[in-house]
Amino acid sequence: MDNGPNYFVAAWAGRRSGLRYVPVNWHLGVDEAAYIAENSDSRALIASPRLAKLAETVAERLPNLELLLADGDGFGGFEGLQVALARQAPDPLEPDR
């Protein structure tokens, strides 16, 4: 993702959901970004539309990805984050016990 406010939305959503998130620097090339995602056992990828080509190429190399989200408008197989959020129930998450 670009360095912007929606990065924090994604990071804190992951944290709030009990997931680990692995930021990948947007300056990296395809091989480097794919290496990080693959070796972190990532199952989701969130990317900015400006980085669509990089994100799509990385996603093609990672068959275990289950969720592809875009910060803003969707592209390729990446669904727009706001569209995905709109489907979720507004109820607060229950704390783990």
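1. In this predicted model, Asp 31 and Arg 61 form a salt bridge, with 2.8 Å between the closest N and O atoms. Asp 31 belongs to helix α2 (residues 30–39) and Arg 61 to helix α3, so the pair ties together parts that are 30 residues apart in sequence. Asp 31 is exposed, at a relative accessible area of 54%, whereas Arg 61 counts as partly exposed at 40%.

2. A search of the whole structure gives four salt bridges. Another one of them joins the side chains of Asp 2 and Arg 50, at 2.6 Å from N to O. Asp 2 sits in the segment before α1 (5–16), and Arg 50 in the loop between β1 (44–47) and α3 (52–61), so this pair ties together parts 48 residues apart in sequence. With 22% relative accessibility, Asp 2 counts as partly exposed; the cut-off for buried is under 20%. Arg 50, at 52%, counts as exposed, the cut-off there being over 50%.

3. Glu 66 and Arg 43 also form a salt bridge, their closest N and O atoms lying 3.8 Å apart. The criterion is a nitrogen to oxygen distance within 4 Å. Glu 66 is in the loop between α3 and β2 (67–70) and Arg 43 in the loop between α2 and β1, so the pair ties together parts that are 23 residues apart in sequence. Both Glu 66 and Arg 43 are exposed.

4. On charge overall, the protein chain carries 14 negative and 9 positive side chains. The centres of these two sets are 5 Å apart. Side chains of opposite charge can pair when their charged atoms come close.

5. As to the fold, the protein chain has four helices and three strands. From the N terminus on, their order is α-α-β-α-β-β-α. The radius of gyration is 13 Å, close to the 13 Å that the globule rule gives for 97 residues, so the protein chain is as compact as a globular protein of that length. Its C-alpha trace spans about 40 × 30 × 25 Å along the principal axes.

6. On contacts, take the pairs in the protein chain with a separation of 6 or more: 41% of these contacts are between residues 24 or more positions apart.

7. On burial and surface, 26% of the 97 residues in the protein chain count as buried.

Technical notes. Residues numbered from 1 in each chain as written. Predicted model: local features only at pLDDT ≥ 70, side-chain atom pairs only at ≥ 80, totals over all residues. Heavy atoms only, no water. Helix = DSSP H or I, 4+ residues; strand = E, 2+ residues; numbered from the N terminus. Rg over C-alpha atoms; globule rule 2.2 N^0.38 Å. Buried < 20%, exposed > 50% of the residue type's maximum accessible area, 1.4 Å probe, protein only. Contact = heavy atoms within 4.5 Å. Lys, Arg positive; Asp, Glu negative; His and termini not counted. Charge placed at Lys NZ, Arg CZ, Asp CG, Glu CD.
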